[in-house]
Amino acid sequence: MNEQKNMILVFRWSVAVSLIASFFAVMLAFSMYSRIQFNQMNAIFCEMLRQEPEAEDLLFSTLKEYKKNQENGNNDFTDNAAREDVLSAWGYRRSDFAALFYGKHLAVSAAGCLVGIFLFVLMVYRRNHREAIRIRALTEYLEQVNSGKSLILTAFGEDKFSKLEDEIYKTVTFLCQTKDEAMQAKNDFAQNLSNIAHQIKTPLTSLSLIMQRMGQDLDKDDQKQMQRQMQKQVQRQVERLMGLEEALLVLAKIDAGTLVLQKEETDVFTLLVLAADNLQELSDQFGVPIDVPELGQMAITADLDWTMEAIMNLMKNGIEHGSGGRIHCSYAQNPLYTEILIWDEGEGFAAEDILHLFERFYCGKNAGEGSLGIGLALAKEIIESQNGTIQARNRPEGGALFEIHFYCH
């Protein structure tokens, strides 16, 4: 569309320049023709008066009548003269009198035409020159981008290259962002791989030590007791590896966008009660009860099973680090979001841990033995994939607090 507009604009300019040049050429030719015609008539009348001085009054009255008829718009005088056509009868033609100024008229017309052509060529040259400058600027910009420089593309104004310029800049910006994201993903992958290797190393080392101890010569009684201990240790390390495997598979699905979440209206109270019930055995083991008050019917749009998994990880963190107190839950709703609060009565988070709590494989200062550092990261990923946010902080009264917001839109 812009190209078509530019072609129409060029055509209009060409026509305008041609018309202007033609107008001035015609006016100049008319002026020269009038001057030549006047000189020609003056020469004829002078020769007539030289030969017949008595005809002066007749010539003067004839010119006066001709001028008067012309001023009044009366063409009878001219028409009568044209009908008689004395000059043709005498053997003269129009070209006999035009030959004197034909060359001059041709020169003036050619000059006007050349002026029009010159202006048109100048306009086309300037247009092509501007296009060449724009193309060179875009080419230099792309060359600088290819060399690794991320530059801002300077706008040259509105022309037919503006849309191309805008698309190039958006494409380059998108590619730079994609490159940065790919580099970040590569670095994260390398870091995660290192963390996974570190997490696997501990249970494998334990299993290796157990195998070495199993090769020792012991009495039958000691051997049976050692066998029972080793069986428990092997079971514990195997469970740890299985838990790590399951968590890594879930995180991989979240990263790949293949984790299917069945979002539907879920009652908040039901969600918290189911999460607490699933942790009943761990709660009894640590002696940390979970308090879930009924504060009215409130619903969120979320996947019940996976959201319950995220809530369980938060409650489990409080149970393991709550210093034997109680886990409290609360929830409220407003037109913007539904808020869920989960807190314990322990010492709270270490100041240096708060900024890193939701990072994968991060184990805080008070992390228990065998902690994988995945639970909180998994909870954050699940909540944020359902239009939610989660924050962690210490309560002024003491204890660690998780604050969750599920937004309505």
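**Figure 1. Ser283 in helix H9 of the predicted model.** In this predicted model, Ser283 belongs to helix H9, which covers residues 280–286. With a relative accessible area of 4%, Ser283 counts as buried, because the cut-off for that class is under 20%. If neighbours within four places in sequence are set aside, the residues in contact with Ser283 are Val288, Pro289, Ile290 and Ile319. One of these partners, Ile319, has a number that falls within helix H10, residues 304–321, the helix shown in the next view.

**Figure 2. The crossing of helices H10 and H11.** Helix H10 (residues 304–321) and helix H11 (residues 375–384) have axes that come within 9 Å of each other and that cross at roughly 145 degrees. The crossing in which H10 passes H11 is left-handed. On the H10 side, the residues that take part are Trp306, Thr307, Ala310, Asn313, Leu314 and Asn317, and they meet Gly375, Leu376, Leu378, Ala379, Ile382 and Ile383 on the H11 side. Sorted by residue type, the contact of H10 with H11 is made up of eight nonpolar residues and four polar ones, with no charged residue among them.

Figure 3. A disulfide is a covalent bond that joins the sulfur atoms of two cysteines. When a pair of cysteine sulfur atoms has to lie within 2.5 Å to be counted, the number of disulfides comes to zero. Is Cys329 buried or exposed? Cys329 has a relative accessible area of 4%, and it is therefore classed as buried. Cys408, for which the relative accessible area is 42%, is partly exposed, because this value lies between the limits of 20% and 50%.

**Figure 4. Ala16 in helix H1, shown with Phe120.** Ala16 is part of helix H1, which runs over residues 2–51. Its relative accessible area is 32%, so Ala16 is described as partly exposed. Between Ala16 and Phe120 there are 104 residues of separation in sequence, while in space their C-alpha atoms are 9.8 Å apart.

**Figure 5. The chain around these views.** The chain holds 11 helices and seven strands, and buried residues make up 28% of its 409 residues.

Notes: Residues numbered from 1 in each chain as written. Predicted model: local features only at pLDDT ≥ 70, side-chain atom pairs only at ≥ 80, totals over all residues. Heavy atoms only, no water. Helix = DSSP H or I, 4+ residues; strand = E, 2+ residues; numbered from the N terminus. Buried < 20%, exposed > 50% of the residue type's maximum accessible area, 1.4 Å probe, protein only. Axes fitted to C-alpha atoms, helices over the stretch in contact; angles between N-to-C directions. Left-handed = near helix turned anticlockwise from the far one by under 90°. Contact = heavy atoms within 4.5 Å. Nonpolar A, V, L, I, M, F, W, Y, C, P; charged D, E, K, R; others polar.
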